[in-house]
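Reader: I would like to learn how to read the strands, surface and charged pairs of a model like this one. Could you take me through them one feature at a time?

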Amino acid sequence: MENGLLVTETNEDFSKARNKALFNEIQHFLNPDEATLISFSDIKKLLKPKNETYLGMKTVPVNLIVGSESRYQDFDNRFFPKRMHLKTRWEHIDMAHLKDINLPPISLYELGGVYFVRDGNHRVSVAKAKGIEFIDGEVVSLQSEIKLNPGDSLAKMTKQVINYEKRVFYSETSFGDITDFWGLDFSVPGQYDVIYNHILTHKYYINMNIADEIPIEKAILSWFLTVYLPVIKVIEKSHTMAYFKGRTKSDMYVYIIKYWDEIKTKFGNSYPLDQATQSFVTKYGTPLSKRILNKIKKIIFKRSIKSDLPKP
């Protein structure tokens with residue numbers, strides 16, 4: 001009889017956790033990334049750690065476990081189960097907790113001050129559902145100068161990485177002091193390296209026509225005044241930003257320059273920048289009216305699904 005009651009309790013525990021995952025997904029329907037468990041692979045691509053160290057057994061705060069190496073599609077951002085096929089394994093772990101059975105430690109990666117599950121996703125899920133504060137884990141740490149916030153979504157972590165890259169770029173190049181421009185902003189990481197390569201290429205072509213090599217400071221200012229700002233003026237004149245929600249003018253500079261270079265290989269170096277910009281907008285841009293219509297459709301779909309869900 002006691003075992004039967006425990007089976008009933010584990011079944012109810014899973015149902016509650018599963019329903020929480022469903023409601024969490026609906027609540028973030030317009031911004032699904034906010035309810036998605038973070039992929040360790042995505043974070044590695046963002047932070048690009050160089051070294052790893054085996055730390056051995058550690059007692060880890062459960063609230064610092066924010067992602068998974070391989071099961072990030074099976075659980076939501078709070079580690080509630082999203083898939084019914086997790087039920088049997090999840091309930092076995094829950095049963096072990098109810099019977100006070102010691103479970104083997106989980107395996108974790110530590111990166112940026114937070115943790116990602118290598119093995120033991122179900123154990124973490126049950127621990128979070130039951131409000132357990134600490135869990136034993138075997139930890140491998142990857143080195144990074146960036147410290148992540150455990151409550152952040154992947155989008156917020158990405159923004160944090162971009163801000164870090166901007167600080168490094170401005171500090172190492174003195175870009176702001178040279179140009180008096182502090183608005184070189186991007187929506188995706190890695191673009192400051194692209195900009196620096198543009199500056200070095202610009203410097204190379206200038207040096208081809210003069211006897212003495214110009215210093216990098218002059219190359220930065222020359223690139224800013226004769227390359228970057230003219231492209232930005234074309235972007236503003238053509239109202240390009242209206243077609244690319246969430247992007248920055250500096251994003252569009254990088255995209256359009258690349259697109260322009262591709263077009264010039266087909267039609268020659270005399271192909272006008274303004275025509276290349278308009279072509280880019282036509283090919284890749286999304287009009288405001290279409291974005292509004294898509295948003296309305298999502299809201300309607302969200303409400304229809306929510307009305308069919310069971311109460312938590």
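Author: Let us begin with strands: two strands pair if DSSP finds at least two bridges between them, while helices (H or I, at least four residues) and strands (E, at least two) are DSSP runs, numbered from the N terminus. Strand 1 and strand 3, for example, pair in the parallel sense over 2 bridges, and serine 39 stands opposite serine 68 in strand 3. Please keep in mind that this is a predicted model, in which local features need pLDDT of at least 70 and side-chain atom pairs count only at pLDDT 80 or more, whereas totals for chains, interfaces and linings use all residues. Residues are numbered from 1 along each chain as its sequence is written, and side-chain values use heavy atoms, with hydrogens and water left out.

Reader: In what order do the 6 strands of the open sheet lie, and which strands stand at the edges?

Author: In general, strands of a sheet pair through backbone hydrogen bonds, either parallel or antiparallel. Here the open sheet has 6 strands in the order 1-3-5-4-6-2, with mixed pairing. Strand 1 (38-39) and strand 2 (52-61) stand at the edges, and because each has a single partner strand, one side of each is left without a neighbour in the sheet.

Reader: Which strand runs parallel to strand 3, and how many bridges join the two?

Author: Strand 3 (residues 65-68) is joined by 3 bridges to strand 5 (residues 114-119), and the two run parallel. Within this pairing, glycine 67 has phenylalanine 116 as its bridge partner in strand 5, and serine 68 has valine 117.

Reader: Is lysine 58 buried or exposed, or something in between?

Author: The cut-offs are under 20% relative accessible area for buried and over 50% for exposed, with partly exposed in between (1.4 Å probe, protein chains only). Lysine 58, which has its place in strand 2, counts as partly exposed at 40% relative accessibility.

Reader: How many salt bridges does the structure hold?

Author: A salt bridge is a side-chain nitrogen of Lys or Arg within 4 Å of a carboxyl oxygen of Asp or Glu, and the structure holds 10 of them. In one of these, the side chains of glutamate 213 and lysine 203 meet at 2.3 Å, N to O. Glutamate 213 lies in the loop between helix 7 and helix 8 and lysine 203 in helix 7, so the pair ties together parts that are 10 residues apart in sequence. Glutamate 213 is exposed, with a relative accessible area of 59%, whereas lysine 203 counts as buried at 11%.
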